[in-house]
Amino acid sequence: MTAPVTALQEKFRALRLAETAKELPALLRNAESENWTYHELVHELVSYELACREEKTRERFMKWADFPFLKTLDDYRLDEQDALGERNFKQLRELSWVEECYTLILMGPPGVGKTHLSVGLGIEAVQRGYQVAFISMAELIYVLKTREYTNKSKTRYKRMMSSDLIIIDDVMYLTIDSAEANLFFQFIYQLYDHAAFILTSNKGPNEWGKFLGDATLTTAILDRLLHRSQIISYSDTDSLRMKHRKTLFPEINHQT
């Protein structure tokens, strides 16, 4: 006896296959019109549920990543910078370095595209199923200092600790005290060999000691970050933000 479609849908929901339950009538119609075998029908049902779950996971990871804007690698203009050639850009896009827990250090003045590249790589990683966390250095220090006291910081900290890729923007933009430097070291220490990093900074690693204030701690941090690393250095060129800036009023030539 053939069970009604509605009864089958309820059974799928009971098994927590909600997306398949919703799509079941259409899938059954396709099975009938295309004469699917039992094997093909089961394959389509399972594949549909898996695809829906993967999409929901990507949506959740995108929300958790907390990117400051959504600019993909397709929007990144290689011709407007001198830090990366097309071959190296494609190599970064393959994301094999994430699996190998590499650190990418994007170094250069403000406005040259460091954050855009880091966000683009982060979005690409999420689309491939990786969990990503984006945070500025100032925000990171705040989270590390308050994770025991505020639920928001605790949640964000847990998500970072379970991420495959951590993007820290504006590293060493401001000086931090010894207690904050120690928290930063503990954070790096815990994630070493468990996650990849992208760090953006307008200072080279050789200058970080001035901002951490502790030569021994700086050495310990750099030892872990630079063990497997690639420094991508942007030259001191004009800011792309200023190059492509928008104005409210059109330029007017005043005649005297």
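Guide: Two strands pair if DSSP finds at least two bridges between them. Helices (H or I, at least four residues) and strands (E, at least two) are DSSP runs, numbered from the N terminus. This is a predicted model, where local features need pLDDT of at least 70 and side-chain atom pairs count only at pLDDT 80 or more, while totals for chains, interfaces and linings use all residues. Residues are numbered from 1 along each chain as its sequence is written, and side-chain values use heavy atoms, with hydrogens and water left out.

Visitor: How do you know that strand 2 and strand 3 pair?
Guide: Strand 2 (residues 132-136) and strand 3 (residues 165-169) share five bridges in the parallel sense, and the rule asks for at least two. Phe-134 sits opposite Ile-167 there.

Visitor: What makes Glu-49 buried or exposed?
Guide: Buried means under 20% relative accessible area, exposed over 50%, partly exposed in between (1.4 Å probe, protein chains only). Glu-49 has 8%, so that's buried. Arg-53 has 41%, so partly exposed.

Visitor: Why is the contact between Glu-49 and Arg-53 called a salt bridge?
Guide: The term needs a side-chain nitrogen of Lys or Arg within 4 Å of a carboxyl oxygen of Asp or Glu. Here the closest N and O atoms are 3.0 Å apart, so the pair qualifies.

Visitor: What makes Asp-193 and Arg-228 a salt bridge?
Guide: Their N to O distance is 2.3 Å, so they pass too. The pair ties together parts that are 35 residues apart in sequence.
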